[in-house]
Structures are given as structure tokens and as C-alpha cells.
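Dear colleague,

Please find below the structure that I am handing over to you. My notes on it come directly after.

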Amino acid sequence: MPTSLSPHFPSLLLALLISLRGLRSSSLSPSGALAALLFGYLSLALPLRLFGVTLLGFYFAGSEATKLKHSIKSTYEELASGSEGGRRNWVQVICNAGITASCAVIWRMLFGGEFGARASSWEDEGKWCVITRESARWESRVLVLMAIAFSSACCGDTVSSFSLILS
């Protein structure tokens, strides 16, 4: 196992592509794209892909929800947030991705194999699995469940807020 943080170039590339997509589609401001790049990378650069997949699922579901009757919603968003066209800034990105990325970073420090011996066999022992009844290494499962629950709540909030606008 490596003794220091190793860069994960595919994760960085994917986070960069996603943040550029948000910037190009005008759903993110420049500060929002930078925050999305950072939090996307932190969530994707793990041996356990669940954190990144959860965040990407929220991003794509939210992106699809925002495409519905965009002209109606953009007028409401401009009035509510004061931002042009409802572009998400760094504060909104942190609010929606901060907990998931924090769980990912903590998980990486405890179980990723880069900071000590505790992480040497997380995959073999099923420490990440949320359905096992084994009580050892419950911390990993708590972090996984927190990330899933938080991203699910953010996704539900995003989709429902756009659905209510249209009703």
C-alpha cells in the first residue's frame, strides 16, 4: 500500500469534465465549477467508488430535473437567488456535495490504505457493506450510509423543488 496520497488521474479527469459540462451548460458559475471539480475529485478518488457514484447520480438526476420547462424556472430562480439564470455558485455546490465529499475523505483516511494499517483489508472483510450484521468496523458503514442518505436528500429536494414549480 502507498504511504502517501497518490493522485487518481481518471478521477480528476472525470471531475474536470463534469465541472466543465456544468460551466458550459450555464448551470454552474465559475466558482461553482471550481467547487464541483474539488468535491467531485474528493468523492471519486477512492478505492470504494460508492461516494463518487452517489454524487454523480445526484448530479445527473438534478441536471435532468432542471431541464424541464427551463424558461419558467429560470425566472423564479433569478428572483429567489439573485443569480443570473439560476447558475449554482460555490456555496450551493458545498451545500449539496460537502457532506458526501467529507464522508469520502474521512473514509479514505480511515480505510483507503494510504494512512496506516487499519485499511489493509477493508474490501476482503466487507467493512464497506451496509447489509452485513458484523459489528466490527461499523465506522465504514456509517460513512457510506451518511453519504447515500445526504445525497438522496439533496436529490429529493432538488427534484421536488423543480416539480413544485411546474405544478
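The notes below go from the whole chain to two local features.

This is a predicted model, in which local features need pLDDT of at least 70 and side-chain atom pairs count only at pLDDT 80 or more, while totals for chains, interfaces and linings use all residues. Residues are numbered from 1 along each chain as its sequence is written, and side-chain values use heavy atoms, with hydrogens and water left out.

The protein has 6 helices and 0 strands (DSSP runs numbered from the N terminus: H or I of at least four residues for helices, E of at least two for strands). Of its 167 residues, 36% are buried (under 20% relative accessible area; exposed is over 50% and partly exposed in between, with a 1.4 Å probe and protein chains only). Among contacts (heavy atoms within 4.5 Å) with a separation of 6 or more, 69% join residues 24 or more positions apart.

Helix α5 spans residues 90-111 and has a kink of about 55 degrees centred on Ala97; the bend at a residue is the angle between axes fitted to the seven residues ending there and the seven starting there. Ala97 is itself buried, as are Gly98, Trp107 and Phe111, among others in α5. At the start of α5, a side-chain oxygen of Asn89 comes within 3.1 Å of the backbone nitrogen of Val91.

Ser26 lies between α1 (9-24) and α2 (30-44), and its phi is positive, near 65 degrees. Most residues other than glycine have a negative phi. Ser26 is partly exposed, with a relative accessible area of 38%.

Yours sincerely

Terms used: Polar contact = N/O pair within 3.5 Å; in protein donor to acceptor, adjacent residues only side chain to side chain.
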